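The sequence and the structure are shown first.

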2 protein chains.
Amino acid sequence: MAKKNTLKYVILGLLRQHDLTGYDIKKLFSCEIGDFWNSKHSQIYPELKKLEEEHLITSRMEISGKKLEKTYYMIKSAGIDALDKWLSDPLDEIQPTRDDFTLKLYFIDHRHDQRIKNLFSEEILRHQKKFDYLSARMGELFSSRENQEQNFGHYLILKKAILRENTQLKWLKDEYRSLKNN
Amino acid sequence: MAKKNTLKYVILGLLRQHDLTGYDIKKLFSCEIGDFWNSKHSQIYPELKKLEEEHLITSRMEISGKKLEKTYYMIKSAGIDALDKWLSDPLDEIQPTRDDFTLKLYFIDHRHDQRIKNLFSEEILRHQKKFDYLSARMGELFSSRENQEQNFGHYLILKKAILRENTQLKWLKDEYRSLKNN
DNA sequence: ACGAGCATGTAAGAGGTTACATGATTAT
DNA sequence: ATAATCATGTAACCTCTTACATGCTCGT
């Protein structure tokens with residue numbers, strides 16, 4: 001997973017839409033963007049400084065209240081170029097999921113091992129929660145046809161994520177049911 | 001992704017099935033296990049030594065041919081205990097996919113951007129290849145009911161992976177078609 | 001006044017990739 | 001013979017998480 005600096009392009013992509021502070025970027029990762037990317041603030045702030053040194057973005061200071069300094073970052077044309085270049089690069093190899101449900105399940109050999117049922121019930125809860133969240137966001141963001149056209153990529157990936165969760169939940173529930181009928 | 005040392009448990013899980021060399025483990029990551037885990041040999045060999053120092057595994061030497069030394073690792077009972085404990089631990093939070101197709105798509109706003117079509121056609125090829133591979137493995141490994149029962153977890157995760165690829169491919173092809181009808 | 005959240009940063013160390021390195025075996 | 005693959009290892013470097021650290025603002 002190391003060595004690609006994808007965070008760089010995630011930041012550039014977000015900054016192309018709006019000027020943002022590091023804190024704003026962090027918050028975006030806890031909403032539906034969190035479905036496909038996440039980074040801690042301790043990684044975001046240094047990366048922003050690095051991008052500024054590379055002249056891909058600039059910053060401006062704003063004072064909020066009496067003295068709280070907020071640093072807004074803005075993309076520069078070199079940043080847009082770098083982003084566009086990345087978007088046109090061929091895709092990498094598909095990465096392994098590294099999902100711990102799958103991993104653990106793989107190492108349980110016997111159908112009647114109780115731990116399989118435990119894994120499934122935990123996994124169903126996790127994915128139900130995610131499915132509900134994503135569905136709600138779809139309603140909030142893209143109930144109008146206009147919004148779908150305006151942020152078409154975002155609309156597509158949200159649709160894809162919901163389909164994924166839906167399919168997986170259905171499968172999990174089916175298998176869980178047949179596990180109970182031993 | 002840092003900080004969980006999942007590789008440790010992957011290795012323990014594999015060694016519980018058979019004694020293996022580091023090279024064997026690496027090879028397993030390029031077959032269907034690669035769908036959910038991968039590590040380079042430069043990470044595997046040191047990890048094996050670390051696990052041996054922790055007394056979770058031991059090793060034995062074998063000579064292949066005239067002088068090629070192969071180090072087979074074997075799991076110890078402390079290793080089995082560690083593995084079992086991990087299997088019973090609650091699952092982590094769902095991790096973001098960090099998949100670059102999704103990421104790139106998110107940053108393309110306009111329906112008519114040519115790059116969307118490029119992304120989809122690349123992605124379709126990637127997943128078609130994966131789907132074909134996984135389906136073939138399913139046929140090889142689990143055509144008999146007996147094998148399904150013997151490695152039940154493996155059977156389930158392979159089934160899950162195939163369902164995932166199938167659903168995704170269908171979605172990709174549908175969207176691709178409607179993109180072409182602008 | 002106080003607590004929740006806003007806002008930004010650094011340091012240490014674990015996890016992971018790339019590149020460098022070497023030598024043996026097997027199939028053609 | 002020679003190329004592909006078997007087999008093992010280290011060093012440098014990047015990515016990412018965890019933990020430590022600090023101060024401000026807004027709502028109640």
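This is a predicted model: local features need pLDDT of at least 70, side-chain atom pairs count only at pLDDT 80 or more; totals for chains, interfaces and linings use all residues.

Residues are numbered from 1 along each chain as its sequence is written, and chains are lettered from A and ligands numbered from 1 in the order in which they are written.

**Relation of the chains**

**Helix packing in chain A**

Helices and strands are DSSP runs numbered from the N terminus (H or I, at least four residues, for helices; E, at least two, for strands). In chain A, helix α1 (residues 6-17) packs against helix α3 (residues 41-53) at an angle of about 80°, with the axes 10 Å apart. The two helices, α1(A) and α3(A), are therefore roughly perpendicular to each other, a term that covers angles of 65 to 115 degrees. From α1(A), A:Leu7, A:Lys8 and A:Ile11 meet A:Gln43, A:Glu47, A:Leu48 and A:Leu51 of α3(A), where contact means heavy atoms within 4.5 Å. By class, this contact of α1(A) with α3(A) comprises four nonpolar, one polar and two charged residues. In this scheme Ala, Val, Leu, Ile, Met, Phe, Trp, Tyr, Cys and Pro count as nonpolar, Asp, Glu, Lys and Arg as charged, and the others, Gly among them, as polar.

**Side chains in chain B**

Accessibility is classed by relative accessible area (buried under 20%, exposed over 50%, partly exposed in between; 1.4 Å probe, protein chains only). B:Glu123 lies in helix α6 (residues 114-142) of chain B and is buried, with a relative accessible area of 0%. Not counting residues up to four places away in sequence, B:Glu123 touches A:Leu91, B:Asp99, B:Phe101, B:Gln168 and B:Leu172.

B:Arg137 also lies in helix α6 of chain B and counts as buried at 17% relative accessibility. With the same exclusion of residues up to four places away, B:Arg137 touches B:Glu32, B:Phe142 and B:Leu158.

The table lists polar contacts between side chains; such a contact is a pair of N or O atoms within 3.5 Å, and within protein one must be able to donate a hydrogen and the other to accept it, while residues adjacent in sequence count only if both atoms are side-chain atoms.

| Residue | Partner | Distance |
|---|---|---|
| B:Glu123 | B:Arg126 | 2.6 Å |
| B:Glu123 | B:His127 | 2.7 Å |
| B:Arg137 | B:Glu32 | 2.8 Å |
| B:Arg137 | B:Glu140 | 3.0 Å |

B:Tyr176 is found in helix α8 (residues 152-180) of chain B and counts as partly exposed at 22% relative accessibility.

**Positive phi angles in chain A**

A:Asn5, although not a glycine, has a positive phi of about 50°; A:Asn5 is found in the segment before α1 of chain A. A:His55, likewise not a glycine, has a positive phi of about 65° and is found in the loop between α3 and β1 (57-64) of chain A. A:Asn5 counts as partly exposed at 29% relative accessibility, whereas A:His55 counts as exposed at 52%.

How values were computed:
Side-chain values use heavy atoms; hydrogens and water are left out. Axes are lines fitted to C-alpha atoms, for helices over the stretch in contact, and angles run from 0 to 180 degrees between N-to-C directions. Angles under 35 degrees count as roughly parallel, over 145 as roughly antiparallel, 65 to 115 as roughly perpendicular and the rest as oblique.
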